[in-house]
Amino acid sequence: MSSRREILHLLRENARYTTEDLAHMTDFSESEVEAIVEEFEDAGVIRGYQAVVDWGAVETDEERVRATVELNVALDRETNYSDIADRVAKFPEVTSLRLVSGDYDFDLEVEGDSMREVSHFISDKIAPIPEITQTVTHYIMDSYKEQGMTFDDHDDDDRLSVSP
Amino acid sequence: MTFEPADRVDAVPPSGIRRFFELAEEMDDIISLGVGEPDFSAPWAAREAAITSLERGQTSYTANRGKRELRERIARYEDTRHDLTYDPDDEILVTAGASEGLDLAFRALLNPGDSIAVAQPCYVSYVPGAIFAGVDVVDVPTRVEDEFKLTREVLEESGAAEADALVYCYPNNPTGATMTGEELRDVAAFCRENDLVVFADEIYADLTYEHDHTSIATLPGMRERTVVFNGFSKAFAMTGFRLGYAMGPPEAITAMNRIHQYTMLSAPTTAQHAAIEALDNCWEDVTEMTTQYDRRRNYVLSRFEDMGLECFPAAGAFYAFPECPWDDASEFAEALLQSEGVAVVPGTAFGEGGAGHLRISYATGLDDLKEAMNRMESFLD
């Protein structure tokens, strides 16, 4: 028996599955699928739908630069992690922000049109935040896998076209 | 003297699959639903174990019966998952695919002139394998109204009582049919009453969607008259590793090993290392692949329903076996291939009992499945 959760797995796999596709793959009718997806959207379980883009495969003169940034912070009685996260997450350049365990506190992903733009953003907007004590920026040189999808060209199906 | 095929080779007609394979190979951009193997790669951990074994230079023959370590893992796995208890010392033989195991069983446990009852439609190698062994074949055509399950009635009607052995595969290729323990009781009783041994091909045992697999060898009085075949090709997507195994009473396994040790010597060593890793650490991969197959199965069955094509709900393996809308399934399959570039296999390729049906493999990505179903639907319109 299909579960509502299965709809989430399927949409994670391919957000462009139609209601009809989802109904075919599960025990739910199309109207039930619609209702479930709507509920998930209303409850904020589904936050949005995005394409997974291999920017390296885009033929363009535009430079697209991404960096991951390690942030260390110092907390005080009035400021907690959420307060800092709220402030940092508001910048449109920030594409993801996570609190992590280990040598640093926040893992930040930043996108910009050039290395200069990303560098300036870190030095002008992020580093000066009083609670942030250290930033370490790693520019992403190439991407091989994003959101569970590999960016290789080895997916040709070389099986026999008809076999026992 | 010139080279002419031996009589037993001449006696085997060309494979129905081969014909479609050749047709499909001539065409570009086809979507093939005719592939009887997973579209997934073997789990990474198993591949990594194979690589490591090569790096360590583990490239020599293994024991004829297979690495002891692997036989122990197989024994543990079969005990845990299928309630089958076999001694790794003398009741398990590691083979180059389950197909080799069946070939060994036909040749080692039957004499020329003996006969074997074959539940059909079936995997394409059983009948040729029997012919190569000089063994006569009794066709046991299962029926769509029985959901392609073996019943006492079809066994009796087909004259299987006169045979020396019964061979079947559940979950089934090409129908996707499965049999519950309760349903197998009648088959077991028939085999005991008529003194048939059973060759149970359980290669799809871990690919079931409605109920867990039951092996006939777990039923009373059946272990001593059954050889069970399984392998790593389907559940672990390791077809190219060519690794299977047979389990049965010591006298059966010893006889099979006598041929195996002179022909194959031992199953591929690298594959055996990969298989140990697969049994130890790759069950999450099997679960994930099964989940994907189940989604695709639901998709395909639902689309057939929308098209008005009768298709009983396959409960195992990765095949759907809908009724063919035309009288001649071969003609339909050929026309569909030529017109829409979609390859399916006519049920007749799998023997009597497959007539009037098509085998659709859903070991194909959902995008391709969707496109193939769309094309099939427009072809039917």
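Start at the interface of chain B and chain A in this predicted model, where three salt bridges are found, a salt bridge being a side-chain nitrogen of Lys or Arg within 4 Å of a carboxyl oxygen of Asp or Glu. Select A:Glu13 and B:Arg295, which form a salt bridge with their closest N and O atoms 3.3 Å apart.

Next, colour the elements that give two or more residues to the side of chain B that touches chain A, namely helix 2 (16-25), helix 11 (283-307) and helix 13 (366-380) of chain B; helices here are DSSP runs of H or I with at least four residues, strands are runs of E with at least two, and both are numbered from the N terminus. Helix 11 of chain B gives the most to that side, with seven residues.

Then move to strand 3 (residues 115-120) of chain B, where six of six residues are buried, that is, under 20% relative accessible area with a 1.4 Å probe and protein chains only. B:Ser115, B:Ala117 and B:Ala119 point one way from this strand, while B:Ile116, B:Val118 and B:Gln120 point the other way.

Show strand 4 (residues 136-141) of chain B, which runs parallel to strand 3 of chain B and is joined to it by six bridges, where strands pair if DSSP finds at least two bridges between them; B:Ala117 stands opposite B:Val138. Strand 5 (residues 165-169) of chain B also runs parallel to strand 3 of chain B, through three bridges, and there B:Ile116 stands opposite B:Ala165.

Residues are numbered from 1 along each chain as its sequence is written, and chains are lettered from A in the order in which they are written. Local features need pLDDT of at least 70, side-chain atom pairs count only at pLDDT 80 or more, and totals for chains, interfaces and linings use all residues, while side-chain values use heavy atoms, with hydrogens and water left out.

Methods:
Buried means under 20% relative accessible area, exposed over 50%, partly exposed in between (1.4 Å probe, protein chains only).
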